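Hello,

Here is the structure I promised to pass on. Have a look at it, and then read on for what turned up.

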Number of protein chains: 2
Amino acid sequence: MSNYDALIARLAEINYLAQAGAVLGWDHQCYMPSGGAQARAESLAVISKIAHEMSVADETKRLLEGAEAEISGVDLDDDRALTLRVVRRNYDKAAKLPTSLVAAISRETAIGHETWVHAREKSDWSLFAPTVERLLDLSRQVADCLGHTGNRYDALLDQYEPGMKTADVARVFGELRPGLVALVKDIAAAPPVSDDILRRDFDEAGQLAFGEKVIRRLGFDFTRGRQDRAVHPFCTSFGRNDVRITTRFDKNWLPMALMGTIHETGHALYEQGFDPKDDATPLSGATSLGFHESQSRLWENIVGRSRAFWNVFYPDLQAQFPGTLDDVDVDTFYRAINRVDPSLIRVEADEVTYCLHIMLRFEMEQAMISGDLAVADVPAAWNEKMRDYLGITPPNDAEGCLQDVHWSGASFGYFPTYAIGTILSAQLFEKAVAEKPAIPVELAAGEFAGLLDWLREKVHRPGQRYQPAELVQRICGEPAQSHSYLKYLNEKFRDVYQIS
Amino acid sequence: MSNYDALIARLAEINYLAQAGAVLGWDHQCYMPSGGAQARAESLAVISKIAHEMSVADETKRLLEGAEAEISGVDLDDDRALTLRVVRRNYDKAAKLPTSLVAAISRETAIGHETWVHAREKSDWSLFAPTVERLLDLSRQVADCLGHTGNRYDALLDQYEPGMKTADVARVFGELRPGLVALVKDIAAAPPVSDDILRRDFDEAGQLAFGEKVIRRLGFDFTRGRQDRAVHPFCTSFGRNDVRITTRFDKNWLPMALMGTIHETGHALYEQGFDPKDDATPLSGATSLGFHESQSRLWENIVGRSRAFWNVFYPDLQAQFPGTLDDVDVDTFYRAINRVDPSLIRVEADEVTYCLHIMLRFEMEQAMISGDLAVADVPAAWNEKMRDYLGITPPNDAEGCLQDVHWSGASFGYFPTYAIGTILSAQLFEKAVAEKPAIPVELAAGEFAGLLDWLREKVHRPGQRYQPAELVQRICGEPAQSHSYLKYLNEKFRDVYQIS
């Protein structure tokens with residue numbers, strides 16, 4: 001057996017082990033009784049430890065070097081070369097982090113999560129601040145181990161969006177911000193849109209049935225996936241053929257389950273769409289969190305909150321909840337589900353204001369990592385930026401700087417991927433329509449296969465062959481840019497709000 | 001750290017890895033979409049492989065030998081000595097089996113299961129026979145690797161019932177058989193009992209609700225376990241604090257879900273009842289499959305099919321299904337749920353005939369392993385024994401020698417544990433009542449804690465400290481015997497069938 005084949009076999013084992021860990025995580029969120037928590041943490045820790053040890057073992061290094069020698073000289077477009085590039089990158093990252101640092105982060109984040117929950121309950125940043133201090137320090141060590149050219153935030157960002165620099169994000173956000181602020185201002189000046197009709201009584205069984213019908217139509221393959229209830233919606237997968245999403249329900253807030261389900265389905269379609277020939281190889285998988293989010297946002301917002309979509313599905317929705325929406329026409333419903341309202345909580349933000357929440361966090365995180373912003377000063381800085389960006393002031397820390405779970409997991413550098421994915425969703429959709437002009441017509445007829453096929457070919461099947469910046473360039477012939485997203489928002493929301 | 005402590009830490013890791021495998025198995029049965037099967041098999045194979053490698057690694061051997069040296073001279077009742085006895089036994093067994101043999105069995109049983117399903121569908125033993133031939137050959141190799149004193153079946157049986165010999169089983173069955181045959185004959189001569197009332201309409205939601213209510217009363221701790229639907233009922237656990245049972249429903253056959261649920265709860269109470277101080281150590285766990293089955297049979301039959309039990313629960317059952325059982329008094333119901341009827345299928349057998357099904361298999365397996373019975377002759381031999389033991393002839397292989405899954409998994413030697421557990425259930429219950437005479441009074445009042453506490457102390461908390469024969473002796477002051485079971489059956493069923 002060649003070194004290359006032996007390496008791939010070894011990595012497949014690690015991959016299947018990681019899949020086992022993902023099953024345990026899914027069960028933890030969906031079905032595990034409370035008593036199981038401690039043993040579950042131990043099982044997950046053992047799996048992580050073994051997977052990490054196998055990843056950085058001398059044998060892995062030997063096989064990787066041998067495989068690199070075997071294929072030296074082949075074209076970089078050769079799948080083997082692309083595979084080894086991914087493996088080398090992952091190996092170097094894993095090998096650069098000392099086991100002691102990984103263990104320290106694991107310990108601190110396990111405690112950190114509990115501390116964050118408690119601090120948020122008490123709405124008191126000072127209870128969480130010492131943890132943040134330690135996690136920032138550990139994250140700076142991570143950045144230094146991974147390496148950077150002066151800006152530690154580059155190294156952190158690179159963990160989630162390979163190859164993307166802080167300056168790239170700043171450029172995109174710099175283009176995006178003035179347009180968003182102007183649109184928010186215009187919407188604020190327009191007659192308000194009400195979403196009261198979305199707060200009527202929608203029984204959970206009906207919401208579940210309608211959601212499943214919708215995502216089946218979008219292309220979610222229930223023979224290779226399933227949907228369950230969980231406290232937090234998420235998508236996880238154990239290979240391309242077992243992709244699971246979760247949903248939560250609010251009887252009196254229709255969008256929570258429905259739009260959440262479509263969002264997670266966007267993630268799931270990506271996971272179900274990797275190339276079968278890449279199964280269990282390093283090429284199977286999302287190229288970045290930003291690309292992942294581009295798929296969820298595209299299906300949730302560009303498709304799922306479109307007028308065409310509701311022209312198709314609104315009669316079904318009315319039939320699903322007899323008597324509930326008889327007095328509401330589709331235009332009123334469409335406007336309600338696209339209501340714009342600057343609000344405190346990121347995860348509840350509308351399409352127009354969402355990225356402003358991310359910009360705030362991006363700026364805060366850079367200042368926290370560099371040390372320019374003292375941890376004790378985070379609440380004041382947060383609130384000032386909220387006033388600046390969204391014109392509102394959080395009444396307390398729980399609804400301000402304590403709202404997100406990410407910092408308790410030391411995930412500094414993660415937030416920007418949400419906004420990158422958001423702007424990518426519009427850039428990709430624009431390109432899809434340019435290449436396949438029938439797509440809007442098909443969507444208006446409730447046919448989603450044309451769009452899905454395009455995404456399968458351009459985004460899903462390439463898997464991890466290309467880094468995100470390369471993939472955007474290959475698909476769109478240009479780098480990630482925010483013009484498409486601003487154009488999409490302006491066209492849509494000037495219509496929704498009847499701004500001339 | 002001492003060798004002993006290092007060994008225990010290492011075995012805990014293997015244990016947590018095995019728990020992860022059990023979670024994957026549970027999910028496979030309960031929730032996995034069909035597409036996930038292949039990747040799931042790979043994940044399970046990797047976990048098994050790593051766990052096996054860790055179990056027989058030089059490091060494990062070194063630590064075990066070091067630990068044995070450290071504690072040499074301590075009393076055998078010392079928990080460390082009892083722990084090392086379990087570890088040594090498991091290590092020797094695992095180390096004796098060559099990896100190539102384990103892999104061959106793994107491959108053959110994976111294919112074997114499909115072949116068996118197909119052969120059973122076609123009701124054609126000859127389709128399954130070549131597989132059985134190979135699995136018998138592999139099982140003989142296993143027996144020879146594990147070691148025996150002339151009878152290979154001893155070595156196979158020992159895998160499931162440590163320390164028990166073929167001759168022990170034969171002795172117990174020899175005592176049991178004439179009594180069973182006599183009772184079956186007397187019942188056949190008595191006026192028949194009908195179970196038609198159990199075939200009325202019982203909606204699934206009502207069955208689920210009633211079953212959960214019952215097992216909660218019995219002591220199943222839902223904070224440390226849960227119940228789900230599955231094609232086959234089973235109990236699995238991921239440590240003492242996450243024990244899961246499954247149930248299947250037949251709208252027109254009440255006992256399937258209800259008595260199955262109580263049966264699995266018996267297994268679950270054992271798993272939830274191990275000593276907390278033994279968590280993740282080799283002492284936590286069932287001492288044998290026979291003891292496991294004694295717990296399920298005790299709760300299902302001795303408790304759950306007793307007159308006292310139904311005097312308590314029957315009004316609740318009637319209320320759960322309004323109008324369905326209004327015309328049926330508790331005595332009629334009690335007799336129906338204890339109907340005796342020699343039948344073809346083991347898993348549907350009543351308390352009186354059940355062990356006859358096992359004796360048949362025990363005798364068949366010995367002859368198959370020794371080679372005295374050719375694989376091609378299995379159907380004829382099976383049918384002859386069915387006529388001899390139960391007075392009925394299977395009309396086809398599907399309802400005869402193809403009915404059980406066990407041989408497709410090379411589980412020769414497993415069946416006897418069902419009968420050993422059955423007779424133990426009566427022996428243990430008799431001893432419990434002798435030591436705590438209040439138990440029958442408590443059961444008649446619907447109080448189960450007294451019985452459960454006794455089982456916790458005598459059976460559950462000892463875990464794997466004692467081999468099954470030692471544990472029976474410690475608890476009952478005598479070896480396993482069938483008199484108690486025969487006495488229980490005669491008293492109960494001569495009353496049910498009003499035989500003077």
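**What was found**

In strand β3(B), B:R244 is the bridge partner of B:T236. Helices (H or I, at least four residues) and strands (E, at least two) are DSSP runs, numbered from the N terminus.

Before going further, a word on the source: this is a predicted model, where local features need pLDDT of at least 70 and side-chain atom pairs count only at pLDDT 80 or more, while totals for chains, interfaces and linings use all residues. Residues are numbered from 1 along each chain as its sequence is written, and chains are lettered from A and ligands numbered from 1 in the order in which they are written.

Back to the sheet. Over three bridges, β2(B) and β3 (residues 243–247) of chain B pair in the antiparallel sense; two strands count as paired if DSSP finds at least two bridges between them. The open sheet has three strands in the order β1-β3-β2 (chain B), and its pairing is mixed. Its edge strands, each pairing on one side only, are β1 (225–229) and β2 (235–237) of chain B. From one strand to the next, the twist averages 20 degrees.

Helix α1 (residues 3–30) of chain B lies across β1, β2 and β3 of chain B and runs at about 145 degrees to β2(B). For such angles, axes are lines fitted to C-alpha atoms, for helices over the stretch in contact, and angles run from 0 to 180 degrees between N-to-C directions.

Now for the two chains together.

How many residues of chain A are in contact with chain B? There are 29, and they meet 30 residues of chain B; contact means that C-beta atoms, placed from the backbone, lie within 7 Å. On the side of chain A that touches chain B, the largest share, eight residues, comes from α1(A). The copies meet through the same surface, because 100% of the interface residues of chain A are also interface residues in chain B.

Leaving out residues up to four places away in sequence, B:W382 touches B:M364, B:G400 and B:C401.

Best wishes

Notes. Two residues are in contact if their C-beta atoms, placed from the backbone, lie within 7 Å.
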